[in-house]
Amino acid sequence: MTRPLLPALSRCALCLVAGALLTMPSFADSPFDGRWEGQITLPTAALEIDIDFASDPSGALTGDISIPVQSIRDMALSGIETDGDAIEFSIPGIPGDPTFDGALSAEGDVLSGDFTQGGAALTFTLERSAPPADAAQAALDGIEEVIDQAIADFNVPGVGLAVVQGGEVVYAEGFGSRDLESELPMTADSLFAIGSTTKAMTATLLAMQVDEGKLDWDEPLIDAYPSFRLSDPMISARVTPRDLVTHRTGLPRHDLLWYNEDEMTRDEVIERFEHLELTADLRETFQYNNLMFLTAGHLAGRLDDGSWEESMRARLFAPLGMERSNFSVEMSKQDPDHALPYRETDDDTLERIPFRNIDLVGPAGSVNSSVREMSRWLLFNLNGGAVDGEPLIQSASLADLHSPHMTMSRPGPDARVAQRAYGMGWFVEVYRGHRRIQHGGGIDGFITTVQFFPDDDLGIVAFTNRGSGLPGLVAQTVADRMLGLEAVDWIGEALAEMRAGEEEAEEAEAKLEETRVAGTSASHPLGDYAGSYAHPGYGPLEVTLEGDDLSFHYNDITTPLEHWHYDVWNGAEAEDDTFDGTKLLFRGNVDGEISELVIAFDLRASPIVFAKQAPSRLSDPAVLERFTGVYAGATGQRVRVERSGDRLTLQVAGQPVFQLVPQVSGRFALESLQGFSVGFREAEDGSVDTVTFYQPNGVFESTRVDEAESEEDGD
């Protein structure tokens, strides 16, 4: 396929990419050897280009050209001829035979002349520039001292940083410690959890499948995933794969459904979506959502007849040479060079914390990698989706991922970052006048930023192994230097804000006690609050009583409870602080029993109501069998109780058969008959001789009668 060169100027800037720079050794002195950057002067604009010349072993001059706005990277030049300070060369394979005919300036630092293509005569001007690595080294001079000081000021164990420009890694370094206890240094190869920066990789998998015709971005998702359901059938029918990766399905985060959960399958998680509240219409507003990326990645694996992990390995990691990158912290822990996660305690010491396994929601954030290997991911994106000149994805498809698809609800907190929108797996914005594609990632003990500037051929990845905003601050400090912008003390500004915020937080925490209603007590004995609770979307939750202390257990996280006021309890401090400060409201039913537990698990959605579950013994067939039989009341009316599997039925002559539904109280409700329930009186030996009917008009008892006698009487 030929490339248009001049006509492509009308294409949008989102087509800009960068790729692997061909670094060629110099074997003979030539006044043209080196890197040249400049432009072709067009009637209405300037076309930015860069050219690399180098002499081969025979002394012949070779070269390549990059035209970022047209996604041309390191295309070999042909017909290179020199005569003293004059040079002529062409770009092969492009219509119109584009040819350069120029000469060096007297100082030898400017190359200019005529450019012709298809009869059009224009001019070009190039200036000699330093190799990317040399230019980066000069721009980043002293950055080590800046980062070392930031590590101390922000109290983080370590930082990893890598920078790519001009198609190559121009900087990769580790600072501080990856393991404080063993005094192991952070390196550019230390593995860390990249969190939500995984999302762009998942979106890229789907884009590759769109290229192959396996998927259509804008067709209903149920065409490819028929069992997908949300709580609104109309939205379910209209959701598309593009909606999944742009955070616009109308579903808020609902993250606690999956957080720390390791027993469900991804299919089982997706089956719960129809029980989760939607808080907006489809495409109405941006609502960040990990569950939709879980769905997107699971779909990608299904389309490849495998798993998301297998697709990632085959389509991205293997071709990009990301050999140590993996999909689980359990795998990272087996690698000899991995960073450990830490948190800051109340006395400002750093405390190692357990790795948080998030394999279940892997497509949204479980990848682990190093800054060196993440550099290859940056180069892939800057190079139009090509590796060593071979495209893994259509450049237009990659540009689509990098394009705005969903506006943000409001601008960011810093006016120096403007026009924020979301692409597909990427945030798209303008940073101090430069288009930036970026995403952050955070999971317990790890924070990451991955960002690149496509119009400037620049990419940066930074991470730290403690929850902190430092990676983004380091990346912006590096970006300012690499882009030649006036320096902004991002780190110093944030440090001042952080310290002011700490003081404010202490005052706010002290005032929290004032919201507590003093002198109140729980309405029930503590044992009444204990039991099993469940929600169809969030699953089971257990409240236990040990001595005089209540605790609740959810997704393998145990949180002690302290009484707050009335029937509200507060999540107390625990080793896993997920629910520290979370308020739990217990509610009763008309019979005076504790029947519900209400928790605000998602701040955008309504509080989640967990229904207290009936004692499990009421579904035990062996127990239920003891309740079966015929019972007669004072008037002689007889009822028959029978068992079918783990359920009971009750039949009264002349009436329909009623299903008996186990209740929290230990009774059974008559299904579809409000206000009616039955209870069975058990003797110490387990036998049952009486059934009690609780009705709006009174409480009635019937006693067991001999079943044979009952049959003789015609029952």
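Two strands are taken to pair if DSSP finds at least two bridges between them, and helices (H or I, at least four residues) and strands (E, at least two) are DSSP runs, numbered from the N terminus. The model shown in these views is predicted, so local features need pLDDT of at least 70 and side-chain atom pairs count only at pLDDT 80 or more, whereas totals for chains, interfaces and linings use all residues. Residues are numbered from 1 along each chain as its sequence is written, and side-chain values use heavy atoms, with hydrogens and water left out.

**View 1. An open sheet of nine strands.** The strands follow the order β12-β11-β10-β24-β23-β22-β21-β20-β19, and their pairing is antiparallel. At the edges stand β12 (184-185) and β19 (406-407), each with a single partner strand, so one side of each is left without a neighbour in the sheet. Within the sheet, β23 (residues 446-453) and β24 (residues 458-464) run antiparallel and are joined by seven bridges, and F452 has G459 in β24 as its bridge partner. Strands of a sheet pair through backbone hydrogen bonds, either parallel or antiparallel.

View 2. Helix α14 (residues 470-483) lies across β10, β11, β20 (417-422), β21 (427-431), β22 (434-443), β23 and β24, and runs at about 155° to β24.

**View 3. The loop between β23 and β24.** D457 is placed in this loop, and although D457 is not a glycine, its phi is positive, at about 55°. With a relative accessibility of 11%, D457 counts as buried, a word that stands for under 20% relative accessible area, while exposed stands for over 50% and partly exposed for what lies in between (1.4 Å probe, protein chains only).

**View 4. Helix α2 and its buried side.** The twelve residues of helix α2 (residues 143-154) should span 16 Å at 1.5 Å a residue, and the end C-alpha atoms are 16 Å apart, which agrees; the expected span is 1.5 Å times one less than the number of residues. I143, I147, A150, I151 and F154 are the buried residues of α2. They cover an arc of only 105° around the axis, which puts them on the same side of α2; the arc is that of the directions from the helix axis to the C-beta atoms. An α-helix has 3.6 residues a turn, so residues three or four places apart point the same way. Among the elements that cover the buried residues of α2 are β10, β11, α14 and α15 (490-512), whereas the face turned away from the buried side carries the exposed residues E145 and A152. Just after α2, N155 takes a positive phi of about 55°.

**View 5. Helix α12, enclosed by the rest of the structure.** Helix α12 (residues 371-382) has twelve residues, and ten of them are buried, so α12 is largely enclosed by the rest of the structure. The buried residues include V371, M374, W377, L378 and F380. From its first C-alpha to its last, α12 reaches 16 Å, close to the 16 Å expected at 1.5 Å a residue. Just after α12, G384 has a positive phi of about 70°.

**View 6. T197 and its surroundings.** T197 lies in the loop between β13 (192-193) and α3 (198-211), and at 3% relative accessibility T197 counts as buried. The side chain of T197 reaches the backbone oxygen of I194 at 2.8 Å. When neighbours within four places in sequence are left aside, T197 is in contact with M374, H439, G440, G441, T448 and V450.

**View 7. Two hairpins that share β35.** Strand β34 (residues 638-644) is joined by six bridges to strand β35 (residues 647-652), and the two run antiparallel, with T649 in β35 as the bridge partner of E642. Two residues lie between these strands in the hairpin, where G645 takes a positive phi near 70°. β35 also pairs in the antiparallel sense with strand β36 (residues 658-662), over three bridges, and L648 stands opposite L660 in β36. The hairpin of β35 and β36 has five residues between the strands, and G654 in its turn has a positive phi of about 85°.

Definitions and conventions: Polar contact = N/O pair within 3.5 Å; in protein donor to acceptor, adjacent residues only side chain to side chain. Contact = heavy atoms within 4.5 Å. Axes fitted to C-alpha atoms, helices over the stretch in contact; angles between N-to-C directions.
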